[in-house]
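Colleague: I have not worked with this protein before. Could you take me through the model, one topic at a time?

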Amino acid sequence: MEPGSVENLCIVYQSRDFLVVNKHWDVRIDSKTWRETLTLQKQLRHRFPELADPDTCYGFRFCHQLDFSTSGALCVALNKAAAGSAYRCFKERRVTKAYLALVRPGPGARPGEPDNHQPCHRQEQHGGSDPHHVHRGHPGL
C-alpha cells in the first residue's frame with residue numbers, strides 16, 4: 001500500500017447521513033496542531049469541503065477511533081442526527097469491531113520456505129450473545 005497523501009482517500013460507502021472511509025495506516029484522524037502534515041480530517045476537507053461542519057471542533061463527526069498505525073474502515077456522521085444514532089449504537093453495544101492482522105515472516109525466516117504464519121484475528125464485542133458473530137451494520141446507520 002502506498003503512503004497516505006491528501007489525495008488518496010478511499011471512500012468505502014457514502015449516504016446522506018454517513019461516510020465510511022478506509023483510513024490509511026500511520027495517519028492521525030484529527031489534530032489541532034500545525035505540525036501534523038497529514039490527517040484524515042485534512043483528507044476529508046480536501047475531498048469534501050462542502051461536507052465540513054464549522055459547528056464541530058474538527059469539521060467532521062468521527063463516530064469512532066482507529067489508532068494512528070491502524071488502517072481500516074472508519075465511519076463519519078454527516079449530521080447531528082446521524083452522529084446521535086451512531087453514538088447510541090456504540091453505547092447500547094449494538095456494534096462489533098473486528099480486526100485482522102496480517103503477519104509476514106520475521107527476520108529469521110529463510111527465502112523459499114513456506115509461510116506458516118496465520119492471520120491473527122481480534123474482535124471487540126459490543127453486544128449480542130454470540131461471540132463469533134460480527135455485526136456488519138445497523139439498519140439505523
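Colleague: Which residues is Cys-63 in contact with, leaving aside its neighbours within four places in sequence?
Modeller: This is a predicted model. In it, Cys-63 is in contact with Phe-18, Cys-75, Val-76, Ala-77, Ala-86 and Phe-90, leaving aside its neighbours within four places in sequence.

Colleague: Where is Cys-63 found?
Modeller: Cys-63 is in the loop between β3 and β4.

Colleague: Is Cys-63 buried or exposed?
Modeller: Cys-63 has a relative accessible area of 18%. It counts as buried because the cut-off is under 20%.

Colleague: What separates the C-alpha atoms of Cys-63 and Leu-78?
Modeller: A distance of 10.0 Å separates these two C-alpha atoms, and the residues are 15 apart along the chain.

Colleague: Let us turn to β4. How many residues of β4 are buried?
Modeller: In β4, 5 of the 6 residues are buried, so the strand is largely enclosed by the rest of the structure.

Colleague: Over how many bridges do β2 and β4 pair?
Modeller: β2 and β4 pair over 6 bridges, in the antiparallel sense. One of the residues involved is Val-20, whose bridge partner in β4 is Cys-75.

Colleague: And over how many bridges do β3 and β4 pair?
Modeller: That pairing has 2 bridges and is also antiparallel. Phe-62 stands opposite Val-76 in β4.

Colleague: In what order do the strands of the open sheet come?
Modeller: The order of the 4 strands is β1-β2-β4-β3, with antiparallel pairing. β1 (10–14) and β3 (61–62) stand at the edges with a single partner strand each, so one side of each is left without a neighbour in the sheet.

Colleague: How do strands of a sheet pair in general?
Modeller: They pair through backbone hydrogen bonds, in either a parallel or an antiparallel arrangement.

Colleague: What about β1 and β2, over how many bridges do they pair?
Modeller: β1 and β2 pair over 4 bridges in the antiparallel sense. Gln-14 stands opposite Leu-19 in β2.

Colleague: Which strands does α1 lie across?
Modeller: α1 lies across β1, β2, β3 and β4 (72–77), and runs at about 125° to β2.

Colleague: Now to Thr-39. Where does Thr-39 lie?
Modeller: Thr-39 lies in the loop between β2 (18–23) and α1 (40–47). Thr-39 is buried, with a relative accessible area of 1%.

Colleague: Which residues does Thr-39 touch, not counting residues up to four places away in sequence?
Modeller: On that count, Thr-39 touches Val-27, Arg-28, Ile-29, Asp-30 and Ser-31.

Colleague: You mentioned Arg-28. Over the face of which residue does Arg-28 lie?
Modeller: Arg-28 lies over the face of Phe-68, at 4.6 Å from the ring centre.

Colleague: How many aromatic pairs does the structure hold?
Modeller: The structure holds 0 aromatic pairs.

Colleague: Finally, the whole protein. How many helices and strands are there?
Modeller: The protein has 2 helices and 6 strands, and along the sequence they follow the pattern β-β-α-β-β-α-β-β.

Colleague: What percentage of the residues count as buried?
Modeller: Of the 141 residues, 31% count as buried. As for contacts with a separation of 6 or more, 53% are accounted for by residues 24 or more positions apart.

Definitions and conventions:
Residues are numbered from 1 along each chain as its sequence is written. This is a predicted model: local features need pLDDT of at least 70, side-chain atom pairs count only at pLDDT 80 or more; totals for chains, interfaces and linings use all residues. Side-chain values use heavy atoms; hydrogens and water are left out. Buried means under 20% relative accessible area, exposed over 50%, partly exposed in between (1.4 Å probe, protein chains only). Contact means heavy atoms within 4.5 Å. Two strands pair if DSSP finds at least two bridges between them. Axes are lines fitted to C-alpha atoms, for helices over the stretch in contact, and angles run from 0 to 180 degrees between N-to-C directions. Rings of Phe, Tyr and Trp (its six-membered ring) pair if their centres lie within 6.5 Å; planes under 30 degrees apart count as stacked, over 60 as edge-to-face and the rest as tilted. A charge sits over a ring if NZ of Lys or CZ of Arg is within 6 Å of the ring centre and within 35 degrees of the ring normal.
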